[in-house]
Amino acid sequence: MAPATNVPSAELQALILAAAGGDHAAFAQVYQRTHVHLFGVAVRMLGQGQAAEDVLQEAYVSIWKNAGSYRSEVGGQPIQPMTWLIAIVRNKALDALRARARRSESFWHDTAELVSSEADGSETMGAASSSALAPAPSALHLLEQATQALHIEGCMNALEGSYRQSLALAYYQGLSHSEVAAQMGAPLGSVKAWIRRGLERLKNCLATQGVGA
């Protein structure tokens, strides 16, 4: 099925070729005439506006750099310019999904480390080395983890401020308990309690959505 667009293929092709020659005005026209449709492609794949916007920006940088590689025909088969543009957006979106899946897997490892630290007094996360040794996920696992990441984000946003902030500092920035306490200007004991309770509430929230650690 041909991509839905109001831009005539011949006209879009000419603009891409002009952009390949360094014509900034032509590239601006490519953006103006295609960004709404391409943004929709990114949103359908990623399911959240900010991620889609980031992917769209990366895609247009790639389009500008690689406009000269566009071919209207490959192996005797015609390649519509919008099809070429969509392929770039899809590839960038898949990269974003892979990164999201890796973060989701890393999160569960970090969760185990945090829970363990409460028992043995350790304050280090230690996730980086394990994540680096983890095998690449399968395509099915990748999609499952991407979906799980969306649930995690929603549950994180539902947490109370101190719980969410302490978990974010420990997970997203990899800070130790002492570093989180210093960053938040709070007692170490309070930070440990926030992280422990935050994890409990996060797990309960995920459980209600059928997501398990």
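This is a predicted model: local features need pLDDT of at least 70, side-chain atom pairs count only at pLDDT 80 or more; totals for chains, interfaces and linings use all residues.
User: What relative accessible area does Y31 have?
Analyst: Residues are numbered from 1 along each chain as its sequence is written, and side-chain values use heavy atoms, with hydrogens and water left out. Buried means under 20% relative accessible area, exposed over 50%, and partly exposed in between (1.4 Å probe, protein chains only). Y31 lands in the partly exposed class, because its relative accessible area is 35%.

User: How many aromatic pairs turn up?
Analyst: The rule takes rings of Phe, Tyr and Trp (its six-membered ring) and pairs them if their centres lie within 6.5 Å; planes under 30 degrees apart count as stacked, over 60 as edge-to-face and the rest as tilted. Applied here, the count of aromatic pairs is four.

User: What kind of aromatic pair do Y31 and Y60 form?
Analyst: Their centres sit 4.8 Å apart. With 65 degrees between the planes, the label for Y31 and Y60 is edge-to-face.

User: And how many residues apart in the chain are Y31 and Y60?
Analyst: Helices (H or I, at least four residues) and strands (E, at least two) are DSSP runs, numbered from the N terminus. Y31 belongs to helix 2 and Y60 to helix 3 (residues 49–66). The pair therefore links distant parts of the chain, with a separation of 29 residues.

User: Which residues make up the aromatic cluster?
Analyst: Y31 and Y60 are both members. Put together, the cluster is F27, Y31, Y60 and W64.

User: Which residue meets R33 in a salt bridge?
Analyst: A salt bridge is a side-chain nitrogen of Lys or Arg within 4 Å of a carboxyl oxygen of Asp or Glu, and the structure holds two. R33 makes one of them at 1.8 Å, N to O, and its partner is E11.

User: How far apart in sequence are the parts that R33 and E11 tie together?
Analyst: R33 is partly exposed at 33%, and E11 is likewise partly exposed at 33%. R33 sits in helix 2 (residues 24–46) and E11 in helix 1 (residues 9–20), so the parts tied together are separated in sequence by 22 residues.

User: What is the N to O distance between R201 and E160?
Analyst: Relative accessibility is 38% for R201 and 44% for E160. Their side chains meet in a salt bridge with an N to O distance of 2.9 Å.

User: Within what arc do the buried residues of helix 1 fall?
Analyst: The buried ones are L12, L15, I16 and A19. The arc is that of the directions from the helix axis to the C-beta atoms. Those residues line one face of helix 1, because seen down the axis they fall within an arc of 100 degrees.

User: Which element has the lowest mean pLDDT?
Analyst: The protein chain has a mean pLDDT of 75, and 66% of its residues reach 70 or more. Helix 1 is the highest element at 92, while the lowest, at 42, is helix 5.

User: How many contacts does the stretch with pLDDT below 50 have?
Analyst: That stretch is residues 118–134. Contact means heavy atoms within 4.5 Å. Beyond near neighbours in sequence, the count in the model is 23.

User: Which residues does S62 touch?
Analyst: S62 lies in helix 3 and counts as buried at 15% relative accessibility. Leaving out residues up to four places away in sequence, S62 touches I88 and K92.

Terms used. pLDDT is the predictor's confidence in each residue, from 0 to 100.
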